[in-house]
Amino acid sequence: MQKLIVQGGTRLRGKVTISGSKNSSLPILAATLLTKDECVIHRVPDLSDTNYMLQILRELGAEVERASGTMNIKAEKIVPDTPYDLVVKMRASICVMGPLTGRLRKAVVSLPGGCVIGDRPVDLHLKGLEYLGAKVQVDGGNIHIEAVEPLKGCTMNLTSKYGSTVLGTDNVMMAAVLTKGTTIIEGAAAEPEVEDLANFLIKMGAKIEGAGTTRIVIEGVEELHGAEHTVIPDRIEAGTFLVAGAICGDGVMVRNVIPAHLKTTIELLQSSGYDVTSTKDTVTIMQGTSPKGFHLTTRPYPGFPTDMQAQFCALACTIPGLSSIKETIFQNRFMHVSELKRMGANIELDGDTARITGVPMLSGAPVMASDLRASAALVLAAINAKGTTKIDRLYHIDRGYEHLDDKLSSLGAITERIKE
Ligand code: EPU
């Protein structure tokens, strides 16, 4: 198993180019199943999650060609059965369910299990497809979806007690584009990744209004055609590098970003005492002169992203004073806390809230990555810490950050991958 060795105490400086968004790429790749024509998707990051999605598309019958970040996908003839082995490897594979239902009126996808950050049910995905008229049955660990009658547009609300659902909104939108009549999704996820998917679907001939807001209106069409699309920059990768700049930087610029997508991250860094400036497609963070503690609560977009919570937790460990972090999206997204404590962090966890008192210096330790963003938080803390940190279960990072260690090294971090 691969581990990352980080030699702490270095300062980061320079420019880093941000990759295409993982969470946009996954549903957009799935959406290519909606047409027999060829689609061309640019700036797909090279990650284990995107590679799993491409394997799933191949197993479903699509021809996939890859040249660097550009994917040519032609799903002329496809089958509705999604391979169990691949689906269990990646929860986001659930997003082939919408396109398969839309195009074939049939889908078989294994039920994704819980995951380390919480229970993560898919009830809203299924409810949404049922509203459109599909019959849903869970049998032998598989979700079977079938529409004997043609699907029909309707109005539905897709909110859970934790707020909107990103992949649930994606799934219903992808089924509804080929569903007769008008579908209105109230309580839709407004995340930029949902809007990016809608923009791709519109290029394919779909009629969608309101994506990027909490009310999406879809007018079904007979069929979709091939299209070419470039995935938006990864706002979470960009945010992670900005927090790295805050924790241990002397001037870090993220390039190829959409600053508007980073608004809450930028504002929180600024209110914590960091000098953050933006241009049309870059954001730069300078060393904080007198950083101070902050209080954040995770919320669906445009609120503060749960996917940035762990990285800010690492930051809070390194700045003077008291900070608090309240996680409202996932029940169990504090796996990084115990590992940060091993590095000397002062964190008190009380249900959905972490209270963090900054310490003068973290110290390197052997730690365990538990999920994607928790792992990133450990890497950032390790660069700041005194001594060496060994991060186990590196595969979590490779799921969602394209060449994270190489990019950090180019800014001055000292990292090494080892196999043990
Ligand atoms: N929820 C339900 N029922 C459902 C669906 C969701 O109760 O049917 C609940 C979830 O349990 C959670 C909340 O609604 O409490 C939000 O979950 P959501 O469905 O929005 O999450 P997701 O679509 O499965 C995506 C991202 C996650 C990101 C969340 C929230 C992808 C591939 N994944 O997941 O990204 O944290 O939205 O923004 O887009 C990550 O990149 O590290 C990551 C976990």
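The largest nonpolar core of this predicted model comprises 71 residues, with Met173, Leu201 and Ile208 making the most contacts inside it. Here a nonpolar core is a set of buried Ala, Val, Leu, Ile, Met, Phe, Trp, Tyr and Cys residues joined through side-chain atoms within 4.5 Å, and buried means under 20% relative accessible area with a 1.4 Å probe, protein chains only. Helix 6 (residues 166–176) gives the most to this core, contributing 6 residues; helices are DSSP runs of H or I, at least four residues, numbered from the N terminus. Apart from this core lies another, of 69 residues, including Leu242, Ile247, Cys313 and Ala382.

Since 10 of its 11 residues are buried, helix 6 is largely enclosed by the rest of the structure. Among these buried residues are Asp170, Asn171 and Met173. At the N-terminal end, Thr165 caps helix 6, with a side-chain oxygen 3.0 Å from the backbone nitrogen of Gly168. Beyond its neighbours within four places in sequence, Ile208 is in contact (heavy atoms within 4.5 Å) with residues including Met173, Val177 and Leu201.

Turning to helix 1 (residues 22–31), Ser24 has its place there and counts as buried because its relative accessibility is 0%. The side chain of Ser24 makes a polar contact, at 3.0 Å, with the side chain of Asp196. Leaving aside neighbours within four places in sequence, Ser24 also touches Glu193, Val231 and Ile232, among others. A polar contact is a pair of N or O atoms within 3.5 Å; within protein, one must be able to donate a hydrogen and the other to accept it, and residues adjacent in sequence count only if both atoms are side-chain atoms.

Residues are numbered from 1 along each chain as its sequence is written, and side-chain values use heavy atoms, leaving out hydrogens and water. As the model is predicted, local features need pLDDT of at least 70 and side-chain atom pairs count only at pLDDT 80 or more, whereas totals for chains, interfaces and linings use all residues.

Key. Helix = DSSP H or I, 4+ residues; strand = E, 2+ residues; numbered from the N terminus. Buried < 20%, exposed > 50% of the residue type's maximum accessible area, 1.4 Å probe, protein only.
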